[in-house]
Amino acid sequence: MTVPADPTAVADEAGPLLDTVLQDWTGRCRHPGLAVALSDGQPLGLDQTAALVLRGLAEPMTEAEGLHRLVDDGEFTAVAELMDMSGRSDGSAGAALPREVLASLDTRLDAVQQESLTTVRSRVTLLQRRASRSSTALPADLAQRAEEAALRRRAEATALLDETEAAVHRAEQRRQQELRAELGAAELSEAHAAAVLACLEANEFEAGRRLLTAEGIDMHGSSPAWVPRPPRWDPALGRTLQEILSHYPPDSVPPRHDYLTRYVRLDKSDVPLLQSLRRLASARHETSVADFTSCLSAMLGEDVRKPVTFRDAGFHTLLTGLADARLPDLPITDPGGVDLWVSPADAPPPAELTGPLVWFVPTAGPAPATPPGVAAMTAVELLRVLAPPPAGLLSTPAHRRINLLRLLVPRLGPRGLAFPAAGIALNGGTPREALAWLLDLHAVIPDAAVVHALDYESEGQPVALRMLLEEVLPPRSADGRLNHTDLARVRTPEFRARVRSAVADGLPAEERAALGLAYALHREEPFRGSDILSDLPLAGLPDDFPRRSGQLFDAEEVLDRLCRHGLLRQKTHHDGTSGYRTLRAGLGALLTDGAAEQAGAAVETLLQNLEQARAFSRAAHTEKAVRHHAHQADNDLAVILENLNVVGARLEGEDAARLNQVMQMLPRLGGEQIRTSVSGYQAPPALHDLGELLRAVTRDVEFNEGVRITFRTELPDGPPDEAPVLAVRTGLQTAFENLIRNAAQAVRSLRADPSAETLRSGPDIVVRLGQPETEPQGWFQVDIEDAGPGLTEEERTFLRTGEHLSRHGTGGTGLAAARGLVRDAGGRVDILDRSDLGGAHLRVRLPAAGDDPAR
């Protein structure tokens with residue numbers, strides 16, 4: 001045996017050959033480490049290959065077990081390659097795996113890949129949110145690269161996102177340092193600085209900066225913490241309502257235990273309410289319910305007595321006194337009162353009483369289940385609200401009002417949050433204070449930064465705030481806590497798109513145009529109404545459009561409305577004049593996205609609306625003019641007929657007959673004919689029988705013009721009178737009347753010419769209805785031929801090019817008008833060569849309507 005002089009050289013030569021052999025060996029499935037190394041595409045040395053094979057031998061497994069291990073490790077590309085090889089049965093790659101094993105592996109591979117893809121998408125979304133809050137620019141293709149990597153190899157996607165997360169973390173650290181430095185240099189109160197610091201610790205940098213630079217913030221104003229919550233109810237006070245009320249003044253029996261006296265130690269001012277509750281518990285009728293409701297309203301600081309109605313085994317009235325200046329506008333805090341239903345637990349309020357509604361159940365048992373919009377309250381829960389606070393704290397109507405709302409608002413559900421199709425106006429104190437009260441009423445304990453972050457995201461805009469709260473309140477934790485991580489749901493692209501649609505899509509076009517221009521062009525600096533008008537050409541307003549502001553919209557009025565909607569802010573310029581500015585926080589950034597496109601679409605809508613308004617105006621003026629001229633025509637016609645009657649009385653024979661014929665034609669010039677024609681033109685297109693229409697027109701022209709007209713139907717199929725067309729009848733009738741009358745006038749002109757040849761026998765005009773030979777199914781064809789002098793080639797050229805030609809003092813507009821009317825019906829008019837009758841030959845083509853009127 002010959003020993004190689006250089007073993008290293010032999011190993012180098014064997015490397016590529018070994019890689020080739022291993023790449024075609026399905027048995028490497030039993031060695032997951034080797035399979036992963038080969039899938040990387042890098043050449044392996046002998047030592048590395050031996051180590052990987054030995055590692056696999058140390059943990060023996062079948063090919064299927066090896067593939068499952070690779071799936072668990074996220075080596076998806078390697079698994080797909082090996083499964084493809086294991087499915088072959090050509091013998092070169094080893095024994096093929098059973099089909100059911102491959103199918104199971106394929107299903108599991110797809111499921112694990114989808115799980116990996118979901119994880120990657122979640123991480124990318126979170127990184128995008130963090131990057132947005134820290135003003136960090138992420139690669140535009142990050143999501144695509146991460147998803148592609150997740151389908152190849154889980155470790156590759158994890159490494160990519162770990163690297164991106166590290167970059168975002170460094171950016172967050174820099175923002176923390178910058179804002180903490182600004183906070184240290186700012187002269188803020190301790191409470192104000194603590195609020196800013198809470199935002200920074202939650203990485204709510206934009207909310208923290210906005211709070212840091214805000215002026216006039218009262219950090220020591222009224223807050224929910226100043227109103228102590230009522231104590232938990234102790235069932236030792238009794239099982240029935242009568243037993244419980246026996247411990248309350250004025251004639252009270254001391255409770256069994258001294259510690260229970262804290263519940264029943266009430267003021268004299270509460271005695272009327274207690275007495276009314278006793279009467280209500282013993283006998284329910286209109287008077288007892290009215291007494292109880294008025295005493296309850298008095299306890300809340302409102303001395304009003306409302307009427308009571310008995311219906312459906314219960315009593316309906318209004319409860320007043322829940323309005324509070326510190327709170328936002330909620331349906332339940334309507335100053336006019338909220339619906340109150342008083343009944344036992346087995347008589348729920350009628351469904352037609354829409355929420356919000358308070359259902360008072362005079363019992364000591366638990367509150368019954370209620371549908372959304374209804375909040376049930378028992379007598380025991382009311383007594384709990386009446387319980388005095390701990391020693392040293394006041395019990396005022398305002399405090400009891402808040403505690404009563406704390407009981408009712410969470411039970412109302414979404415209907416208690418805002419009026420239908422309306423928002424939540426933070427009209428109490430500062431927006432942050434009102435927002436804190438609102439969260440408190442919904443039994444939510446927010447993190448320190450959540451109130452400021454919600455204020456930042458919504459900027460107090462009512463609709464946006466309602467949508468934010470509807471999104472974050474339902475899924476809060478069982479203990480009622482809401483932290484800044486819960487805000488992730490309101491920062492997704494899908495939710496932001498819904499908010500943008502809710503606050504902007506329903507605005508009138510002029511408001512959408514002004515809003516889009518403001519956020520597209522004036523994001524940083526204040527602006528005036530005149531600036532918006534000057535910007536309109538940039539949004540698609542034609543350059544030749546009149547520049548007077550009132551012709552498109554009143555900019556100042558529109559911008560004031562946007563301020564009332566909470567989408568803009570009023571701003572005083574340096575020169576003391578009033579102006580406007582955009583929102584600078586979360587909602588402002590949201591409205592900036594797509595602002596230019598929104599403005600362009602709104603301006604296009606405005607121009608269309610303006611054109612429609614002008615068309616309506618023109619139609620109104622036209623109708624007024626028609627009425628005036630029709631009335632004048634009636635008066636003139638009456639005078640003409642009166643004079644002709646006088647002349648006709650002196651005529652006899654043929655002259656009298658001719659005059660009588662003229663007088664029968666004259667009503668066509670009267671006002672009724674004008675009104676009928678105009679009304680006919682305004683009618684929508686409808687199905688008409690073209691044959692019937694042509695018969696009527698030919699008979700009318702033949703009588704009035706004194707010519708002989710022959711009408712023939714040459715339709716190949718179906719009954720001869722079925723030729724449906726979709727058109728405005730008056731327009732189509734006028735078109736054919738013009739064309740046939742032109743032919744009649746040509747015939748009469750030839751008769752009046754002394755140099756003309758003797759008139760031949762037969763018809764003067766022939767009108768034929770048929771179908772064209774080239775397109776017989778979809779069209780009708782009407783040929784009009786006359787025995788007049790015909791048209792010269794020059795005259796035909798004039799008429800074909802749309803020029804007017806007149807031989808009879810009409811200005812030559814008959815053919816032009818007929819062409820337009822036929823074109824409106826979808827057809828056309830052609831001028832052919834000389835007719836066999838010796839005169840002109842016109843052809844009209846109209847689309848057949850078939851059985852569908854929509855054609």
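The chain has 31 helices and 16 strands; helices (H or I, at least four residues) and strands (E, at least two) are DSSP runs, numbered from the N terminus. This is a predicted model, in which local features need pLDDT of at least 70 and side-chain atom pairs count only at pLDDT 80 or more, while totals for chains, interfaces and linings use all residues. Residues are numbered from 1 along each chain as its sequence is written, and side-chain values use heavy atoms, with hydrogens and water left out.

Start with the whole chain and its surface. Of the 855 residues, 43% count as buried (buried is under 20% relative accessible area, exposed over 50%, partly exposed in between; 1.4 Å probe, protein chains only). Among contacts with a separation of 6 or more, 66% are between residues 24 or more positions apart (contact means heavy atoms within 4.5 Å).

Select Ser116 next, in helix α6 (residues 99-133). Ser116 is buried at 7% relative accessibility. Beyond its neighbours within four places in sequence, Ser116 contacts Phe76, Ala150 and Arg154.

Go on to Arg262, which lies over the face of Tyr263, 5.9 Å from the ring centre. A charge sits over a ring if NZ of Lys or CZ of Arg is within 6 Å of the ring centre and within 35 degrees of the ring normal. A second case is Arg845, whose charged end sits over the ring of Trp779 at 5.5 Å from its centre.

The structure holds four aromatic pairs. One of them joins Phe310 and Phe315, tilted, with 5.0 Å centre to centre and 55° between the planes. Rings of Phe, Tyr and Trp (its six-membered ring) pair if their centres lie within 6.5 Å; planes under 30 degrees apart count as stacked, over 60 as edge-to-face and the rest as tilted. Phe310 is partly exposed at 48% relative accessibility, whereas Phe315 is buried at 5%.

Now select Leu715, in the loop between β11 (709-713) and β12 (724-727). Leu715 is buried, at 14% relative accessible area. Its C-alpha atom is 9.8 Å from that of Pro772, 57 residues away along the chain.

Finish at Asp764, in the loop between α29 (729-752) and β13 (765-770). Asp764 is buried, at 5% relative accessible area. Leaving aside neighbours within four places in sequence, its contacts include Arg708, Arg751, Glu785 and Leu837.
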